[in-house]
Amino acid sequence: MAPLTLAHHSNNSSMTSSDVSNGKSQRLQLVPKKSFASVSIGDEKPIDFLRTVFEGFIAGGTAGVVVETALYPIDTIKTRLQAARGGGKIVLQGLYSGLAGNLVGVLPASAIFVGVYEPAKKKLLKILPENLSAVAHLTAGAIGGVAASLVRVPTEVVKQRMQTRQFASAPDAVRLIVSKEGFKGLYAGYGSFLLRDLPFDAIQFCIYEQLRIGYKLAARRDLNDPENAAIGAFAGALTGAITTPLDVIKTRLMVQGSANQYEGIVDCVQTIIKEEGPPALLKGIGPRVLWIGIGGSIFFGVLERTKKILAERSLPPSEHPKQD
């Protein structure tokens, strides 16, 4: 999918509403007198929905698998820190425990997320006022998160049970969870997962997209791979820090199994604060920020590169960029 094109008008005149409505502008406009990173999209060719979804699936799946494989040990340490109650010790063995089974879920979950996010973002940018592009990105991120959660949650439950050394393999984990807790055991902590991931997805993608728009306006050119990666790292690290308490709650609910130490989200928060103090809600913030910051850099770098490659492959031979 080709990157959006930005045009900056240095003169004092700005595009009137009639100019937008009659489709005279075919390119993305950023108007200086509007709020930061406001977006104006005139009439354009109808969205090739299937191609957008397909490219999103490929780009998202590729980025998700690369990130998960590279940073899985950090995620394992973070999970064990959050799952430890009181002064429990952290085991630093088996840091890749559950990776293979997790990738089986990460691939479709990442593909579904981006495959839903991209067309939703395009549609929302067309129907919302030009100064509400941030709302479009927030909403599209949340929509993508809901769609992906159907695969993400069982994957996360199995992964975290294995990271805390409750099971030896993913097939055993699925079989025993279902036998002891029923099918709903695979969706343990679903509410807390949405409580964490919907704000996370919405905020991260909004920060990333808005920073890219602002950077493009300032630089007056498309971003290169290192720039996309740097913006992705910042967006990921900031969002990861903000949502750490939600991540701790989600982890505790997912790994409790049939023991049922907590009766729900509210009880989990109250119990943690009562038994371990408020700082316990920030457990694992260091590994989380490191993991998501690096992960954001890799994910968005790979995502944008893959999208660019797919977009170039879909162009007629005469329009392919010339190689130096």
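Predicted model: local features only at pLDDT ≥ 70, side-chain atom pairs only at ≥ 80, totals over all residues.
The protein chain has ten helices and two strands (DSSP runs, H or I of at least four residues for helices and E of at least two for strands, numbered from the N terminus). Local features need pLDDT of at least 70 and side-chain atom pairs count only at pLDDT 80 or more, while totals for chains, interfaces and linings use all residues. Residues are numbered from 1 along each chain as its sequence is written, and side-chain values use heavy atoms, with hydrogens and water left out.

**Overall fold**
- From the N terminus on, the order of elements is β-α-β-α-α-α-α-α-α-α-α-α.
- Of the 324 residues in the protein chain, 47% are buried (buried means under 20% relative accessible area, exposed over 50%, partly exposed in between, with a 1.4 Å probe and protein chains only).
- Among contacts (heavy atoms within 4.5 Å) with a separation of 6 or more, 73% are between residues 24 or more positions apart.

**Helix H5**
- The end C-alpha atoms of helix H5 (residues 170-181) are 16 Å apart, which agrees with the 16 Å that its twelve residues should span at 1.5 Å a residue (the expected span is 1.5 Å times one less than the number of residues).
- Ala-170, Ala-173, Ile-177 and Glu-181 are the buried residues of H5.
- They lie on the same side of H5, because they cover an arc of only 55° around the axis (the arc is that of the directions from the helix axis to the C-beta atoms).
- The buried residues of H5 pack against helix H3 (99-127) and helix H4 (133-163).
- Pro-171, Arg-175 and Ser-179 are exposed, on the face of H5 turned away from its buried side.

**Salt bridges**
- The structure holds 21 salt bridges (a side-chain nitrogen of Lys or Arg within 4 Å of a carboxyl oxygen of Asp or Glu).
- Glu-181 pairs with Arg-161, with the closest N and O atoms 3.1 Å apart.
- This pair links helix H5 to helix H4 across 20 residues; Glu-181 is buried at 18% relative accessible area and Arg-161 is buried at 1%.
- Glu-304 pairs with Arg-212, with the closest N and O atoms 3.8 Å apart.
- Glu-304 is in helix H10 (residues 285-313) and Arg-212 in helix H6, so the pair ties together parts 92 residues apart in sequence.
- Asp-247 pairs with Arg-288 at 3.3 Å between the closest N and O atoms.
- Asp-247 is in helix H8 (residues 244-255) and Arg-288 in helix H10, 41 residues apart.
- Asp-247 is buried at 0% relative accessible area, and Arg-288 is buried at 2%.
- Salt bridges that share partners join Asp-75, Lys-78, Glu-156, Lys-159, Asp-247, Lys-250 and Arg-288 into one network.

**Surface and loop features**
- Leu-211, Phe-234, Leu-238 and Ile-242 make a nonpolar surface patch of about 350 Å² (residues with over 30% relative accessible area and no salt bridge; nonpolar side chains, namely Val, Leu, Ile, Met, Phe, Trp and Tyr, are joined within 5 Å, and like charges within 9 Å).
- Helix H7 (residues 225-242) gives the most to this patch, with three residues.
- Leu-238, in helix H7, is partly exposed at 36% relative accessible area.
- Arg-220 is not a glycine, yet has a positive phi of about 55°.
- Most residues other than glycine have a negative phi.
- Arg-220 sits in the loop between helix H6 (190-219) and H7 and is exposed at 60% relative accessibility.

Methods: Areas by Shrake-Rupley, 256 points an atom, 1.4 Å probe, with all protein chains shown as cover.
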